[in-house]
Each structure stands twice: as C-alpha cells, then as structure tokens.
Amino acid sequence: MAKTFTDQNFKEEVLGASLPVLVDFYADWCGPCKMMAPVIEKLAEEYAGKVEVGKLNVDTNQRTAQEYGVMSIPTILLFVGGEKKAESVGAVPEKELKQKIEEVIGK
C-alpha cells in the first residue's frame with residue numbers, strides 16, 4: 001500500500017530513506033490523479049522492498065509541492081539518496097513509470 005507523505009514527514013520519509021522513493025503529488029479533486037491512483041498502488045505492491053511508494057496531497061502540503069516546483073498534477077518524482085532522479089508530469093501509462101523506475105534503480 002502506498003504511504004502518505006506530508007510536509008512534516010517528507011524530509012525523514014523521502015529524503016532520508018534508504019530505498020529509492022516514488023512520490024505522487026496529487027489532489028483529491030484532480031481527475032488525472034484519480035486515474036493514476038490504482039497505478040500508484042500497483043507499483044507500491046510490485047516494488048515492495050525495492051522502492052518506497054507514496055502520495056503527497058498538494059492541497060494540504062503546499063510547502064513541499066512548492067519546494068519541488070510542482071505546477072501541474074499529477075507530478076510523480078523519484079528520489080534516490082535524497083535527490084530527485086526522475087520526473088513525470090500528467091497521467092502516464094504504468095509502463096512508462098516502470099521504465100523510469102528501472103532506469104534509476106537498475107534491475
């Protein structure tokens with residue numbers, strides 16, 4: 001199951017994580033975000049133990065969204081060792097996200 005990230009836990013849970021972390025910046029009212037929700041959950045299951053997967057609501061966690069320049073949602077960022085390594089904006093196919101993950105973490 002995807003984790004929930006917030007302004008309060010982002011530094012520890014994402015930037016301080018030992019595993020790569022995929023963060024879905026979303027909002028409850030966003031149609032494309034709702035389309036991506038099952039994909040994010042599937043990735044969380046598929047990459048369990050290899051990649052932490054979670055969501056950050058931009059409406060309730062504006063500081064973190066602004067810090068990473070999130071202007072459109074969904075925006076999906078992949079962090080490794082506290083650094084942003086990949087980015088995807090908009091609703092994208094699961095295959096595309098998996099490809100980005102594999103490129104970053106290797107297989």
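**A loop residue, an aromatic cluster and a hairpin**

I73 sits in the loop that runs between α3 and β4; helices (H or I, at least four residues) and strands (E, at least two) are DSSP runs, numbered from the N terminus. The model is a predicted one, where local features need pLDDT of at least 70 and side-chain atom pairs count only at pLDDT 80 or more, while totals for chains, interfaces and linings use all residues. Residues are numbered from 1 along each chain as its sequence is written, and side-chain values rest on heavy atoms, with hydrogens and water left out.

With neighbours within four places in sequence set aside, the contacts of I73 (heavy atoms within 4.5 Å) are F25, Y26, A27, W29, C30, C33 and V58.

Y26 and A27 turn up again around N57, which touches F5, Y26, A27 and D28 once residues up to four places away are left out. N57 belongs to strand β3 (residues 52-57). With a relative accessibility of 10%, N57 counts as buried, the cut-offs being under 20% relative accessible area for buried, over 50% for exposed and partly exposed in between (1.4 Å probe, protein chains only). The N57 side chain also comes to 2.8 Å from the backbone nitrogen of D59.

As for the chain overall, it holds four helices and five strands, in the order β-α-β-α-β-α-β-β-α from the N terminus on. Its radius of gyration is 12 Å, close to the 13 Å that the globule rule gives for 107 residues, so the chain is as compact as a globular protein of that length; the radius is taken over C-alpha atoms, and the rule is 2.2 Å times the number of residues to the power 0.38. Along the principal axes, the C-alpha atoms fill a box of roughly 35 × 30 × 20 Å. Of the 107 residues, 46% are buried. Among contacts with a separation of 6 or more, 70% are between residues 24 or more positions apart. The accessible surface is about 5,900 Å², with 51% of it belonging to carbon and sulfur atoms (Shrake-Rupley method, 1.4 Å probe; for residues, only the protein chains shown count as cover).

Now the rings. Rings of Phe, Tyr and Trp (its six-membered ring) pair if their centres lie within 6.5 Å, and planes under 30 degrees apart count as stacked, over 60 as edge-to-face and the rest as tilted. The count comes to four aromatic pairs. One of them, F10 with F25, is tilted, at 6.5 Å centre to centre and 50 degrees between the planes. Because F10 lies in helix α1 (residues 10-15) and F25 in strand β2 (residues 21-26), this pair ties together parts 15 residues apart in sequence. Both F10 and F25 are buried. Y68 and F79 make an edge-to-face pair, with 5.2 Å between centres and 85 degrees between planes. Y68 is in the loop between α3 (62-67) and β4, and F79 is in strand β4, so the pair ties together parts eleven residues apart in sequence. Y68 and F79 are both buried too. Ring pairs link F10, F25, Y68 and F79 into a cluster.

Strand β4 (residues 75-80) pairs with strand β5 (residues 83-89) in the antiparallel sense, over six bridges; pairing calls for at least two DSSP bridges between the strands. V80 has E83 in β5 as its bridge partner. Two residues lie between the strands of this hairpin, where G81 takes a positive phi near 60 degrees.

Definitions and conventions:
Polar contact = N/O pair within 3.5 Å; in protein donor to acceptor, adjacent residues only side chain to side chain.
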